[in-house]
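Subject: A structure for you to look at

Hi,

Here is the structure I promised to send over. Have a look at it first, then read on.

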Amino acid sequence: MPRARRVLRVRQARRARRVPRARRGRPAASPPDFTNAIFGAGPITHFDGGTWLLEALDSNTLQLRKTGGGFTNFGFISPTACAAGSAGMSQQFRFASQVGQTLTADLCTEGSPMFVVVNDGAAAMKIFACQRRTGNHNTCQRFF
């Protein structure tokens with residue numbers, strides 16, 4: 001095999017073994033920070049979408065509230081019929097076009113999850129995972 005071809009194959013093999021830049025300690029993208037609602041006084045805002053809010057009314061109740069113009073679709077996938085360590089899941093959803101319109105859903109005890117979906121038409125859908133952390137604390141994090 002000619003020397004030039006051997007050198008080319010060695011270089012190709014080295015490139016194939018390289019770790020991509022995103023995996024070398026520099027993430028390609030980082031997820032958004034999570035927010036905490038620790039009670040005392042409420043409501044506590046988890047996210048402000050400009051024309052709507054995701055807020056915690058207390059440690060187990062989350063609310064989507066319309067605060068500006070335009071059309072917005074709100075949705076929750078949340079636990080129902082809470083039992084010790086398990087619950088069914090249900091969907092609550094609505095179309096909001098008037099300031100002040102709300103949709104609420106409840107978490108169960110510590111560890112129970114909830115998913116929140118908002119489509120305000122201004123950008124991609126906003127999807128959040130929320131969880132009850134302790135008796136007076138819940139947390140939410142937005143997905144990409």
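Below is what turned up, starting with how the values were made.

This is a predicted model, so local features need pLDDT of at least 70 and side-chain atom pairs count only at pLDDT 80 or more, while totals for chains, interfaces and linings use all residues. Residues are numbered from 1 along each chain as its sequence is written, and side-chain values use heavy atoms, with hydrogens and water left out.

**The sheet**

Let's begin with the strands (DSSP runs of E, at least two residues, numbered from the N terminus). Four of them make an open, antiparallel sheet in the order β2-β3-β4-β7. Strands β2 (44-48) and β7 (102-106) are at the edges with a single partner strand each, so one side of each has no neighbour in the sheet. From one strand to the next, the twist averages 20° (axes are lines fitted to C-alpha atoms, and angles run from 0 to 180 degrees between N-to-C directions).

Now walk across the sheet, keeping in mind that two strands pair if DSSP finds at least two bridges between them:

- β2 and β3 run antiparallel and are joined by four bridges; D48 sits opposite L53 in β3. Their hairpin has three residues between the strands, and G50 there takes a positive phi near 90°.
- β3 and β4 are antiparallel too, with six bridges, and A56 has L62 in β4 as its bridge partner. This hairpin has two residues between the strands.
- β4 (residues 61-66) pairs with β7 over five bridges, again antiparallel.

How many residues of strand β3 are buried? Five of the seven in β3 (residues 52-58), which makes the strand mostly covered. "Buried" means under 20% relative accessible area, "exposed" means over 50%, and "partly exposed" is in between (1.4 Å probe, protein chains only).

**The aromatic rings**

There are four aromatic pairs in the whole structure. The rule is that rings of Phe, Tyr and Trp (its six-membered ring) pair if their centres lie within 6.5 Å; planes under 30 degrees apart count as stacked, over 60 as edge-to-face and the rest as tilted.

One of the pairs is F47 with W52, which is tilted, at 5.4 Å centre to centre and 35° between the planes. F47 is partly exposed, with 21% relative accessible area, whereas W52 is buried at 0%. The pair F71 and F95 is stacked, because the ring centres are 5.6 Å apart and the planes are at 15°. F71 lies in the loop between β4 and β5 (72-83) and F95 in strand β6 (residues 86-96), so this pair ties together parts that are 24 residues apart in sequence. F71 is exposed at 58% relative accessible area, and F95 is partly exposed at 46%.

Ring pairs also link F47, W52 and F128 into a cluster.

**A patch on the surface**

Which residues make the nonpolar surface patch of about 340 Å²? They are I77, M89, F115 and F143. For a patch like this, nonpolar side chains (Val, Leu, Ile, Met, Phe, Trp, Tyr) are joined within 5 Å, from residues with over 30% relative accessible area and no salt bridge. F115 lies in strand β8 (residues 113-119) and counts as partly exposed, at 34% relative accessibility.

Happy browsing!

Definitions and conventions: Patches are made of residues with over 30% relative accessible area and no salt bridge: like charges are joined within 9 Å, nonpolar side chains (Val, Leu, Ile, Met, Phe, Trp, Tyr) within 5 Å. Accessible areas come from the Shrake-Rupley method with a 1.4 Å probe; for residues, only the protein chains shown count as cover. A salt bridge is a side-chain nitrogen of Lys or Arg within 4 Å of a carboxyl oxygen of Asp or Glu.
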